2 protein chains.
Amino acid sequence: MVSVVGIIAACAILSLVVAAFYAVKVNSLKLTAADIGASEDVVARLREISGAISEGAMAFLSQEYKFVAIFASAFAVVIAFTLDNPATTGVNEGLYSASAFVIGAVISSVCAFMGMKIATKGNVRTTVAARRSITDAFRVAFQSGAVMGFGLTGLAVLGLLLVVVVFDSMLASSGIERHYIMEMVAGFGLGGSTVALFGRVGGGIYTKAADVGADLVGKVEAGIPEDDPRNPAVIADNVGDNVGDIAGMGADLFGSCAEATCAALVIGATSAALTSDLNTLLYPLLISALGIPVCLITAFFARLKPDATQVEPTLRGQLIISTILMTVALYLVTDKVLPESFLIGSLSVSNSQALYSVLAGLWSGLLIGYMTEVYTSHGFKHVRRVAAASDKGPAINIIYGLSLGYESAVVPVIAIAVTTYASWTMAGMYGIALAAIGMISTIATGLTIDAYGPVSDNAGGIAEMAELGKEIRARTDLLDAAGNTTAAIGKGFAIGSAVLTALALFAAFLTRANFQSLNMLSPMVFAGLFVGGVLPFLFTAQTMLAVGRAAEGMIHEVRRQFREIPGLLEGKARADYRSCVAISTASALREMVAPAILVIFSPILVGVVFGVEALAGVLAGSLISGVVMALSTSNSGGGWDNAKKYIEKNEGKGTDKHKAAVVGDTVGDPFKDTSGPSLNILMKLMAIISLVFVPFFDSAHKWLLAALGLGQ
Amino acid sequence: MVSVVGIIAACAILSLVVAAFYAVKVNSLKLTAADIGASEDVVARLREISGAISEGAMAFLSQEYKFVAIFASAFAVVIAFTLDNPATTGVNEGLYSASAFVIGAVISSVCAFMGMKIATKGNVRTTVAARRSITDAFRVAFQSGAVMGFGLTGLAVLGLLLVVVVFDSMLASSGIERHYIMEMVAGFGLGGSTVALFGRVGGGIYTKAADVGADLVGKVEAGIPEDDPRNPAVIADNVGDNVGDIAGMGADLFGSCAEATCAALVIGATSAALTSDLNTLLYPLLISALGIPVCLITAFFARLKPDATQVEPTLRGQLIISTILMTVALYLVTDKVLPESFLIGSLSVSNSQALYSVLAGLWSGLLIGYMTEVYTSHGFKHVRRVAAASDKGPAINIIYGLSLGYESAVVPVIAIAVTTYASWTMAGMYGIALAAIGMISTIATGLTIDAYGPVSDNAGGIAEMAELGKEIRARTDLLDAAGNTTAAIGKGFAIGSAVLTALALFAAFLTRANFQSLNMLSPMVFAGLFVGGVLPFLFTAQTMLAVGRAAEGMIHEVRRQFREIPGLLEGKARADYRSCVAISTASALREMVAPAILVIFSPILVGVVFGVEALAGVLAGSLISGVVMALSTSNSGGGWDNAKKYIEKNEGKGTDKHKAAVVGDTVGDPFKDTSGPSLNILMKLMAIISLVFVPFFDSAHKWLLAALGLGQ
């Protein structure tokens with residue numbers, strides 16, 4: 001028997017080494033006049049701009065995480081005091097869960113800072129590299145992304161491994177059964193997810209307030225181009241790309257990875273054959289660990305030819321290669337780790353059934369990603385239809401764009417349904433958790449590509465602001481164009497994995513709450529389904545209104561500066577970028593509170609007041625409508641964005657048709673970058689809160705019934 | 001014991017007499033120069049316009065129903081041949097079901113024709129009456145609506161009663177148990193619902209193609225006012241109000257009434273205590289019958305004072321009065337008809353519990369209606385917020401409007417969840433059906449008010465087109481303004497009743513398929529939930545794209561006429577209204593096919609291929625996301641419409657802010673008048689198809705498995 005713990009640890013450390021290596025490579029690019037062959041003026045301007053972006057990003061992150069730290073500390077105290085499972089005598093389950101929670105939250109925060117740091121260094125270095133060649137520029141952007149990809153994966157795997165091993169060595173010796181230990185480990189996922197909530201929602205509001213504000217006043221009213229340095233909101237907009245797409249996306253995927261693994265551990269630990277040996281029990285974590293060498297090999301294929309006219313094929317190739325390699329790796333390893341057959345509940349599962357469950361998730365993730373591209377890239381008919389319809393005005397553009405999103409959800413949802421059915425049938429609820437892990441197993445590649453996007457986007461913005469000339473901007477535009485498509489694919493992946501993760505957590509919750517079956521024909525469950533079904537809509541309304549309000553503040557400020565700063569529009573005076581950054585920061589922090597409260601307290605309220613049966617209904621309902629809303633808002637947004645770009649490419653800007661497309665693009669901003677991605681967190685966080693708080697619901701609900709005189 | 005059959009028959013006949021009385025009153029208003037005190041020219045113009053509307057409406061209806069007749073005949077044959085329950089030996093269940101289906105379809109069609117006939121007579125008579133006074137005009141519009149309200153209710157109740165009594169006397173004597181008979185009666189609901197599908201979808205596409213086309217070219221591009229006779233699409237637009245809001249809404253509510261009653265009969269007939277006496281079994285139909293005298297008394301309160309400045313309070317009063325009276329009537333009757341206690345499954349239900357279930361539906365309907373008003377009337381903050389945000393441009397208007405819709409679903413869905421929980425807990429699945437009937441019990445009043453809307457709207461259009469002067473237009477505008485709000489409330493009611501009806505049908509389906517419980521933790525059920533959840537989104541995309549395409553055709557035609565007919569825009573030449581009417585008709589008929597196929601064949605496909613368990617999941621999933629989509633699209637649409645009106649009232653037309661609001665209003669058109677209302681049909685029709693085809697699924701699924709070699 002191999003030492004799975006050792007392999008996991010080795011992979012995780014490899015991941016961190018790779019991340020460090022890329023970080024050093026990116027950092028080693030010097031920004032002096034001699035090194036980059038530009039005038040001192042240009043260099044000063046580059047430093048100024050990238051410094052402002054970096055400063056703005058860090059300022060936001062520190063304030064956000066100050067808030068998160070306070071909230072998470074309070075929440076940790078709540079966990080420590082409310083969770084004491086009477087079954088685990090002699091151990092304060094709450095304390096362990098709270099510790100795991102804190103560790104998960106801290107690691108997630110560290111990852112976000114790390115990603116942000118490298119992205120705000122990589123962006124300007126990509127711009128500079130673009131002076132030399134497209135190949136160089138691509139390499140810098142890709143390596144910056146890889147720091148995030150490998151750094152986060154390594155930390156996630158290592159952190160989780162340490163928690164499992166430490167808890168296990170502390171508790172298993174005192175006779176606590178492993179399935180109780182894994183329930184405590186689940187706090188880790190909750191920590192990651194809580195940070196992700198604020199990262200996604202806060203970051204999403206930040207980025208879109210800046211983007212919408214910059215576009216509506218700058219592009220539409222004043223008629224100046226995107227990323228023009230005269231626009232006061234331009235730095236905030238570039239900061240936003242980082243806090244939304246890097247910190248937010250990173251925290252989201254960190255959460256999926258941690259939570260899916262926790263779900264698999266909780267469910268797996270109920271099986272005697274799996275839990276007898278920690279090496280066997282850790283199979284789910286091994287999958288994520290295996291993804292690391294797979295993604296590293298994949299990264300060697302990420303090269304751009306000097307005469308490349310598009311970057312998409314290279315990036316798409318990454319996803320396909322990593323999926324194929326991962327399949328091979330899983331084939332080689334699974335039967336060496338898992339016993340030939342084991343029981344999940346009363347279902348006998350073979351190790352090849354477990355393998356197929358992982359593969360079902362892995363490949364359906366690729367399918368979902370591909371379908372996202374079909375609906376959001378202007379290489380396909382859907383986006384072109386939106387573009388063509390724009391000549392009938394903005395209303396028709398909106399109608400077509402919304403329809404595109406609704407329709408785009410069909411195939412992915414069917415893929416999820418089939419994956420759910422197949423993995424559940426083969427390996428019970430353990431199969432669902434494995435499918436979720438399978439989908440997220442190539443996370444290092446996925447995140448690399450995701451983080452590549454905003455780095456390229458920023459690189460273009462910096463080139464524009466530093467007025468570096470058309471040739472360089474053309475190169476960064478080429479990089480950025482691919483970023484848009486892959487960002488959409490990344491979102492598809494993120495949603496797919498969020499749904500399966502949420503479903504796995506739901507399964508773990510049911511396992512922990514001792515549901516053998518859940519009768520849908522029970523009034524409480526059905527009422528719960530209805531209420532759960534409306535929550536994603538309420539949450540979408542909250543986050544969209546938050547962006548609307550925040551953008552209004554930005555619009556007023558940009559208008560004010562254009563009005564009050566003499567010479568600004570003529571390019572003779574500097575805009576006050578800081579005030580816009582401050583507005584985005586303040587409004588994002590203010591506006592993220594209400595949606596966060598909804599997500600965190602709905603399951604607790606339902607669990608305590610109406611009991612776990614109603615809660616099960618609410619979770620299922622929110623999953624059913626949440627997945628469709630998440631997919632359709634993301635894809636509508638991506639479709640509008642690319643329809644606008646398609647018109648720009650073919651017919652140029654300034655026509656009525658283009659203006660109509662800009663309206664769609666602006667509506668799509670909060671759709672695809674705030675509400676849609678935040679719904680991932682809603683689905684997962686509600687499920688993991690339910691999972692972690694099971695023992696509390698039980699006692700609190702009984703206490704409440706007794707207090708109301710309704711107890712049996 | 002009273003003769004319930006006699007009372008029901010008496011009420012139904014009363015209803016038809018009332019309808020006839022009002023029809024005679026409306027018709028007795030003569031349209032001669034002497035009678036209305038206008039010049040021959042004006043009279044000729046009035047006749048010409050209203051003739052064109054009436055002709056267009058009838059032309060569309062005849063073509064639509066020709067298609068429906070063919071489809072329904074084919075479907076009837078399918079029913080006759082596929083449904084043979086082996087349990088009912090000696091009786092071809094298919095033949096009876098098909099007969100009930102045909103009768104339901106024919107009555108529903110007759111109702112739509114009747115409503116359309118009176119509406120196209122009432123509209124011009126309301127215009128004429130507005131020359132005298134607002135009180136007169138209101139009375140004519142209200143009475144026109146009442147013809148529809150009482151006529152439809154009377155026919156629905158009488159038709160269903162006849163089917164039950166005839167089937168019962170033919171079959172019960174040959175020893176067929178009543179619960180099998182009621183399963184055959186359910187074909188009646190399917191017939192009504194099938195007609196409703198085409199009415200809602202086809203009518204919805206018709207009305208919005210015309211409306212969007214007329215607005216985008218006429219109002220936005222050419223800058224001419226609403227209902228201006230120079231606009232070639234203006235007649236089609238007015239026709240559309242009738243085919244969408246009268247024929248479509250009527251068929252929808254007819255379907256709800258028939259289906260909810262069928263569901264209650266199917267479930268009730270499984271209870272020995274209820275089924276022993278036909279009088280007792282018919283309690284559900286008695287509720288609808290009792291609504292008739294209640295609504296008649298309510299109608300006496302529908303008076304407008306000569307100095308009235310708004311009509312809303314009068315119409316809203318109708319809903320409140322009818323609800324209160326209905327409550328009293330139910331209190332007086334229930335314990336005289338139902339036994340003191342009876343068994344539903346293994347649950348013992350008292351007659352007061354049955355009563356409370358009906359009341360839960362009745363009052364939550366009123367609450368849902370009220371919440372609809374809160375979110376769609378500019379008397380409240382939500383619409384005003386959309387209006388205020390419009391000064392930031394169309395994109396922000398769209399963001400706020402969509403959010404309004406999403407948020408507006410929360411309270412109604414909670415109301416539905418509570419009603420479901422309460423009625424289900426008190427009276428099992430019978431309780432859900434009773435709640436659905438309770439909500440729809442005051443249908444005569446609801447429909448009167450609904451039909452009042454388009455009559456007033458048309459009256460205003462006719463006044464504008466006949467250039468009758470500002471004073472008259474002001475009066476018709478006053479009538480129409482109330483119509484908008486009450487139309488929104490009517491939609492809320494229609495959705496609420498559709499959901500409860502669908503749930504009741506779902507319950508009846510489960511009862512018939514012998515599900516004692518349905519384990520949600522079964523892979524097939526959960527996969528079904530996911531797939532069901534995405535169907536309403538796909539359907540919404542289909543219907544919205546249908547409107548988009550149809551509107552494009554209209555836009556081209558209107559642009560062509562403006563370009564090619566010399567003197568048209570100067571008012572010196574007549575537009576070619578007929579070609580626009582023809583375009584709306586043709587595209588509505590063409591575009592309604594695909595969504596109809598989706599709704600009708602999805603449940604059949606799932607039932608045959610994956611079995612009834614998967615189908616149960618699909619139905620529940622479609623209900624959960626369908627209700628939220630229906631509410632949010634309807635209310636977003638209503639909110640945009642009234643935000644635009646609010647801006648017009650306070651700041652006038654032509655500003656950028658107003659233009660932004662027009663964009664929202666245009667997006668809202670298919671939302672509120674095509675996709676939203678059509679979702680009602682999706683939910684109900686999928687459920688009743690499942691209910692009616694249960695015996696077929698069973699045998700076909702087994703046959704399929706055997707053919708594929710998968711059978712046990």
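This briefing walks through the symmetry, core, surface and charge pairs of the structure above. The model is predicted. Chain A and chain B are related by a turn of 180°, and the largest nonpolar core holds 575 residues. Across all chains, the salt bridges number 70.

**How the two chains relate**

- A:Asn519 is the residue of chain A that comes closest to the rotation axis, with its C-alpha at 2.3 Å.
- The copies meet through the same surface, because 100% of the interface residues of chain A are also interface residues in chain B.

**The nonpolar core**

- Within the largest nonpolar core, A:Phe506 and B:Phe506 are the residues with the most contacts.
- Leaving aside residues up to four places away in sequence, A:Phe506 touches A:Ala616, A:Leu619, A:Ala620 and A:Ala687 in chain A. From chain B, A:Phe506 touches B:Met520, B:Leu521 and B:Phe526.

- A:Ile320, A:Ile324, A:Val328, A:Tyr331, A:Leu332, A:Tyr356 and A:Trp363 make a nonpolar surface patch of about 680 Å². Helix 12 (312-337) and helix 13 (351-376) of chain A are the elements that give two or more residues to this patch.
- Helix 12 of chain A is the top contributor to the nonpolar patch, giving five residues.
- A:Trp363 belongs to helix 13 of chain A. Its relative accessible area is 39%, so A:Trp363 counts as partly exposed.

- As background, side chains of opposite charge can pair when their charged atoms come close.
- A:Asp665 and A:Lys644 form a salt bridge with an N to O distance of 2.9 Å. This pair links distant parts of the chain, with A:Asp665 in helix 22 (residues 656-692) and A:Lys644 in helix 21 (residues 593-651) of chain A, 21 residues apart. A:Asp665 and A:Lys644 are both buried.
- In chain B, B:Arg512 pairs with B:Glu183 in a salt bridge whose closest N and O atoms are 2.9 Å apart. B:Arg512 sits in helix 18 (residues 470-512) and B:Glu183 in helix 6 (residues 178-185) of chain B, so the pair ties together parts that are 329 residues apart in sequence. Both B:Arg512 and B:Glu183 are buried.
- A:Arg563 and A:Glu564 also meet through their side chains in a salt bridge, at 3.8 Å from N to O. A:Arg563 is exposed at 60% relative accessibility, while A:Glu564 is partly exposed at 47%.
- A network of salt bridges links A:Lys208, A:Asp211, A:Lys491, A:Asp641, A:Lys645, A:Asp669, A:Lys672 and A:Asp673.

**A backbone detail to look at**

- A:Glu467 has a phi near 50°, which is a positive value in a residue other than glycine. A:Glu467 lies in the loop between helix 17 (443-465) and helix 18 (470-512) of chain A. With a relative accessible area of 61%, A:Glu467 is exposed.
- In chain B, phi of B:Glu467 is near 50°, a positive value in a residue other than glycine. The loop between helix 17 (443-465) and helix 18 of chain B holds B:Glu467. B:Glu467 counts as exposed, at 62% relative accessibility.

Terms used: Residues are numbered from 1 along each chain as its sequence is written. Chains are lettered from A and ligands numbered from 1 in the order in which they are written. This is a predicted model: local features need pLDDT of at least 70, side-chain atom pairs count only at pLDDT 80 or more; totals for chains, interfaces and linings use all residues. Side-chain values use heavy atoms; hydrogens and water are left out. A nonpolar core is a set of buried Ala, Val, Leu, Ile, Met, Phe, Trp, Tyr and Cys residues joined through side-chain atoms within 4.5 Å. Buried means under 20% relative accessible area, exposed over 50%, partly exposed in between (1.4 Å probe, protein chains only). Contact means heavy atoms within 4.5 Å. Copies are superposed by least squares on the C-alpha atoms of residues with pLDDT of at least 70 in both. Patches are made of residues with over 30% relative accessible area and no salt bridge: like charges are joined within 9 Å, nonpolar side chains (Val, Leu, Ile, Met, Phe, Trp, Tyr) within 5 Å. Accessible areas come from the Shrake-Rupley method with a 1.4 Å probe; for residues, only the protein chains shown count as cover. A salt bridge is a side-chain nitrogen of Lys or Arg within 4 Å of a carboxyl oxygen of Asp or Glu. Helices (H or I, at least four residues) and strands (E, at least two) are DSSP runs, numbered from the N terminus.
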